[in-house]
Amino acid sequence: MIEWREADRQLHLANGHLSYILAIHENGALGLLHVGAPLATGRSYRHLVVRPFRGFSNRLGDPVALECPTPGAGDYRMPGLAVEQPDGSTVLELAYREHRILAGKPAIPGLPSTYAEADGEAETVEVDLADVRSGLVVTLSYTIFRDVAAVARSVRLRNQGPADLRISTAMSLVLDLPDAGWNLVHLVGAWARERQVVERRLVPGRQSISSGRGSSSAAHNPFVALRRPTTTETHGEAIGVALVYSGNFLAEVEVEPYGTARVRTGINPETFTWALAPGEEFATPEAILVWTADGLGAMSDAFHRLFRERLARGTWRDRPRPILVNNWEGTYFDFNEERLVAIATVARDLGIELFVLDDGWFGKRDDDTSSLGDWFVDRRKLPGGIDGLARRITDLGLAFGLWIEPEMVSERSELFAAHPDWAIGIPGRPRTEGRQQLVLDLGRTEVVDHLARVLGEILGSGPISYVKWDMNRWITEPWSATLRADRQGEFFHRYILGVYELYRRLTRAFPDILFESCASGGDRFDAGMLAYAPQAWTSDDTDAIERLAIQWGSSLAYPVSSMGAHVSAVPNHQTGRVTPLATRAAVAFFGVFGYELDTTALTDDEQAEVRDQVAFYKKHRDVLQRGRFHRLRGPFEGDGNTTAWMSVADDRGRAVVGVYRVLNRPAPGPDRIQLRGLDPDREYRITVWPQIADGVARANTLTRRGDDLEAVGLLIDLDRHEAAGYGDFWSRLFVLEAA
Ligand code: GLA
């Protein structure tokens, strides 16, 4: 997969899906010859360098494609790396020293990353560039995967010189593209409306997204895509770049005056510096690059497969995820053991598999003003302890799960009274509060040790098989008592390294627990978290219509198996909207399915519906959680009134299609939803869910060939009299089974 041509000083990474070709320039700089369509190996591509790079001294500002650009020597674009030396200068002359081609993929110490299970699955090349004067050695690492159109890239910096160095920018990836004829696609949002798709033409200058909040955040997601203006879901070039990181990030594109585009992503340099003493090493997070000529759908599929199968890990990676009921929207803080057992008992009767106890079980937490940090059970509410409740739940035949928020402390808590200095803040300055809580300094080892111990005790105290790990505020007044004044720039990165360390310890200690990450819903929904928690609470917004947009946007990079999606009560607690129970389920089915309501409040009719939903999901869970996901029509397209998507089993023997219509408009015209990913030559028997004998069911309950279903599509032709009765928020699922 990786070819080195000594005579051409060229490295060619190729896997039949894409080529990534590097060359060493005359001055030793590492350059990019080509990224994109697969090109033949066994050939030189040196002719792609029109102007050999000898440094910028003769033609200042030439837009040569560089892999590790540094400032101050004629490349006026954004740097990939900036390192301050003892004299205060940041100029480096990084020149090729050697490279190593390795089978498989080495891990990145302390950071989450994709991996290979067998050596043949991936190949890695590490290229060392050295700056003789400072003694800095930069190792650029590239892994190409055999079966996915993806390259993983990360950087290691080693100080082999005699003096302290200070890193101020260390991007994980720099990608110099020869033209700027792309649209930038990215995901923006806020609490309860995360990951909305935004798109804009690249224009001269810099366009960037970032976080400085301590988490990757709902405001921007550490993922961007470039697509040609003509690229669709199924055709055309697309490049996706995702950062495997959960802290402050930057993703940026610069279009420079000659019309080329430089993409870079990594730790946000605005809130980062790192001291590198002689002998020390620093590793950046990894960035994943996907290239395809087959549209945004193929780009997403590459991310989905890689994230689901070679980023997520542990016992739950490949196991069917349980259908859960979570008590949060059902009870909020107002519960006791009997009420929880009552909810679980009904849930069990409905076929639900896991009961999750959310916030409020510890300390004296009757609202959100106290007790975070006091991870011991509140016996007023749960006299039998976690163990007592967990046993009652498991005796019912349900698994038991628990909510925790390890990174936080309430001022009203025993932990804060004992260790006020563990909370992040600057002595002598007021602390900004968020949700009446403070953030613990996870950059300190004693804090991580303490949390690993107390949480280990709780998680080991009973039959717990699931943990929801929440994180409900951003970081303010960043400063750590354990860092020297000139190292405070390390604060944010050290915080997230501490989070990863705690995750690592708890997931190792409890390999059978399914971890779900959460941050006020989807505030830390990123590839870094997926390495520890294979699923995440997608959003606190459980409204079915809002979820169409949130799940659609999330699916650009993240697999369906990572998106927690629950049916909740109406009027919806976030929007006040009243949607049919069937539509709430039909949306949540395209996620890791569950309920977030008081099951004892369901009427008999609703219980019957829920029983049917649970049975449906169990029957098609494999396809819904792990099938190839296709976005057919979306909330960000046209008038956004119709959304349709589908998941297809790997053997194309079964598929589930969801069609959703937001507002009911009178006298609708006929509509056709063209399907994807089917076997054109096979016959598919179509059934409609829920089973309502209306015009849509009559038009589609047929056996049709895959080619017919792809070329012509499902027939959404609502009878105008029937349609009048549907009201808004209509949905229908279609199950296709190969005959
Ligand atoms: C956050 C989570 C919710 C719930 C509450 C509990 O908002 O996203 O799902 O767990 O905290 O306080």
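The following questions and answers concern a predicted model.

Colleague: How many of the residues of strand 8 are buried?

Modeller: Strand 8 covers residues 136–145 and is largely enclosed by the rest of the structure. L136, V138, L140, Y142 and I144 point one way from the strand, whereas V137, T139, S141, T143 and F145 point the other way. Residues on both sides are buried, and the count is 10 of the 10 residues.

Colleague: Which residue of strand 9 is the bridge partner of L140?

Modeller: Strand 8 has strand 7 (residues 122–131) as an antiparallel partner, joined to it by 10 bridges, and there V127 stands opposite L140. Strand 8 also pairs with strand 9 (residues 150–159) in the antiparallel sense, over nine bridges. In strand 9, the partner of L140 is V155.

Colleague: Which residue in the turn between strand 7 and strand 8 has a positive phi?

Modeller: Strand 7 and strand 8 form a hairpin with four residues between them. A hairpin through four residues also joins strand 8 to strand 9. In the turn between strand 7 and strand 8, a positive phi of about 85 degrees belongs to G135.

Colleague: Is N268 buried or exposed?

Modeller: N268 lies in the loop between strand 17 (261–267) and strand 18 (274–276). Leaving aside neighbours within four places in sequence, N268 is in contact with S210, S211, G212, N248, F249 and L250. The relative accessible area of N268 is 3%, and a value under 20% counts as buried. N268 is therefore buried.

Colleague: In what order do the eight strands close into a barrel?

Modeller: The pairing in this barrel is parallel. Neighbouring strands of the sheet are turned by 30 degrees against each other on average, direction ignored. Strand 21 (residues 324–326) pairs with strand 30 (residues 592–596) over two bridges, and L324 stands opposite G594 there. The order is 21-22-23-26-27-28-29-30.

Colleague: What angle does the direction of helix 10 make with that of strand 29?

Modeller: Helix 4 (residues 385–396) lies across strand 22 (354–357) and strand 23 (399–404), running at about 145 degrees to strand 23. Helix 10 (residues 581–588) packs on the sheet and touches strand 29 (563–568) and strand 30. With the direction of strand 29, that of helix 10 makes an angle of about 175 degrees.

Colleague: What distance separates the C-alpha atoms of A531 and R661?

Modeller: A531 is found in the loop between helix 8 (527–530) and strand 28 (535–537), and A531 is buried, with a relative accessible area of 3%. Not counting residues up to four places away in sequence, A531 touches P112, L311, A312 and R313. R661 is 130 residues from A531 along the chain, and their C-alpha atoms are separated by 35 Å.

Colleague: How much of the area that the ligand exposes when taken alone does the protein bury?

Modeller: There are 13 residues around the ligand, and D358, D359, K468, G521 and D540 come nearest. An oxygen atom of the ligand is 3.0 Å from an N or O atom in the side chain of W403, while polar side-chain atoms of R435 and D470 each lie 2.9 Å from a ligand oxygen atom. Taken alone, the ligand exposes 310 Å², and the part of this that the protein buries is 96%.

Note on methods: Residues numbered from 1 in each chain as written. Predicted model: local features only at pLDDT ≥ 70, side-chain atom pairs only at ≥ 80, totals over all residues. Heavy atoms only, no water. Buried < 20%, exposed > 50% of the residue type's maximum accessible area, 1.4 Å probe, protein only. Contact = heavy atoms within 4.5 Å. Pairing = 2+ DSSP bridges. Axes fitted to C-alpha atoms, helices over the stretch in contact; angles between N-to-C directions. Near = heavy atom within 4 Å. Polar contact = N/O pair within 3.5 Å; in protein donor to acceptor, adjacent residues only side chain to side chain. Areas by Shrake-Rupley, 256 points an atom, 1.4 Å probe, with all protein chains shown as cover.
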